[in-house]
Amino acid sequence: MGNLGVPPPPKAWVFALSAVPLVLLIAGAFELAGRSLGPNPIRELTHVTGKTALNMVLITLMVSPARALTGDPRWLRIRRMLGLWAFAYAALHLLIYIVLELDLDLRDLGRELAKRPFIWVGAAALVGLLPLAVTSTDRWMRRLGRRWQTLHWLVYPVAVLSVWHFWWQVKADIREPLLYAAVLAVLLAWRVWRRRRTHLARRTTIN
Ligand code: HEM
């Protein structure tokens, strides 16, 4: 489609940048370099891990358009790493919630699920991310063949559920979740448009 010739950033940079929120959280938790987690440390930990997981899901979805715009297939090489970071932050988000917020009390979890239904939606998003992370290796890619691509379609419901989970727990000001929903809508619309274009092009060549 495009041919801007812009290469992707080196993998080491992508890794280092993705690790920044985690490093800052660790520095805050151990009060290193003058950092702290603020007055409500557990809230801060859930907030940063949740937000970063959501950001990483959306950034992962930006790789295909970047590849199409630049015409450089090397963009796809950073996609797996971004997706795995999304999963890592989401898993950490859950761990912090279960261990620090609920104190591992599963009866509390039952009460929470009844009181705050947005948690079901987050859980569904995480359940969707799990098979994507597990099958992200070259071995699974070879093993699943075409089915790998079909399975990785799961990323779309995962992205919708992640934005929904965020939106649902926001109390008054919906500007931020609205922005996330708009970005996701553009990313999904781009895919629909591209598929239709490819279909049309194929039909024209056959005719
Ligand atoms: C079993 C899985 C999950 C559980 C139990 C869970 C639980 C929670 C809870 C309890 C909060 C509210 C924290 C508060 O009281 O302020 C929250 C917020 C949030 N979660 Fe999750 N979540 C899960 C999965 C996910 C996933 C998969 C994502 C994204 C990919 C995500 C993204 C977010 C975001 C963006 C927020 C809002 C953060 C903020 O601005 O404060 N969560 N989650």
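Modeller: Please note that this is a predicted model. To begin with the packing, helix H1 passes H4 in a right-handed crossing.

Biologist: At what angle do the axes of H1 and H4 cross?

Modeller: The crossing angle is roughly 15°, and the axes of H1 (residues 11–29) and H4 come within 10 Å. H1 is therefore roughly parallel to H4, since angles under 35 degrees count as such.

Biologist: Which residues meet there?

Modeller: From H1, Lys 11, Val 14, Phe 15 and Ser 18 meet Met 81, Leu 82 and Trp 85 of H4. The residues of this contact divide into 5 nonpolar, 1 polar and 1 charged.

Biologist: Turning to the ligand, how many residues surround it?

Modeller: The ligand is surrounded by 21 residues, and the closest are His 47, Gly 50, Ala 53, Gly 122 and Ala 123. Two or more residues of the shell come from each of helix H2 (41–61), helix H4 (79–101), helix H6 (118–134) and helix H9 (155–169).

Biologist: Which element gives the most to that shell?

Modeller: H2 does, with 8 residues. By type, the shell around the ligand holds 11 nonpolar, 8 polar and 2 charged residues.

Biologist: And the chain as a whole: how many helices and strands are there?

Modeller: The chain has 10 helices and 0 strands. Its C-alpha trace spans about 65 × 40 × 40 Å along the principal axes.

Biologist: What percentage of the residues is buried?

Modeller: Buried residues make up 19% of the 207 in the chain. As for contacts with a separation of 6 or more, 66% are between residues 24 or more positions apart.

Conventions:
Residues are numbered from 1 along each chain as its sequence is written. This is a predicted model: local features need pLDDT of at least 70, side-chain atom pairs count only at pLDDT 80 or more; totals for chains, interfaces and linings use all residues. A residue is near a molecule or strand if its C-beta atom, placed from the backbone, lies within 6 Å of it. Helices (H or I, at least four residues) and strands (E, at least two) are DSSP runs, numbered from the N terminus. Ala, Val, Leu, Ile, Met, Phe, Trp, Tyr, Cys and Pro count as nonpolar, Asp, Glu, Lys and Arg as charged, and the others, Gly among them, as polar. Axes are lines fitted to C-alpha atoms, for helices over the stretch in contact, and angles run from 0 to 180 degrees between N-to-C directions. Angles under 35 degrees count as roughly parallel, over 145 as roughly antiparallel, 65 to 115 as roughly perpendicular and the rest as oblique. A crossing is left-handed if the near helix is turned anticlockwise from the far one by less than a right angle, and right-handed if clockwise. Two residues are in contact if their C-beta atoms, placed from the backbone, lie within 7 Å. A residue is buried if 20 or more other C-beta atoms lie within 10 Å of its own, exposed if 12 or fewer, and partly exposed in between; C-beta atoms are placed from the backbone.
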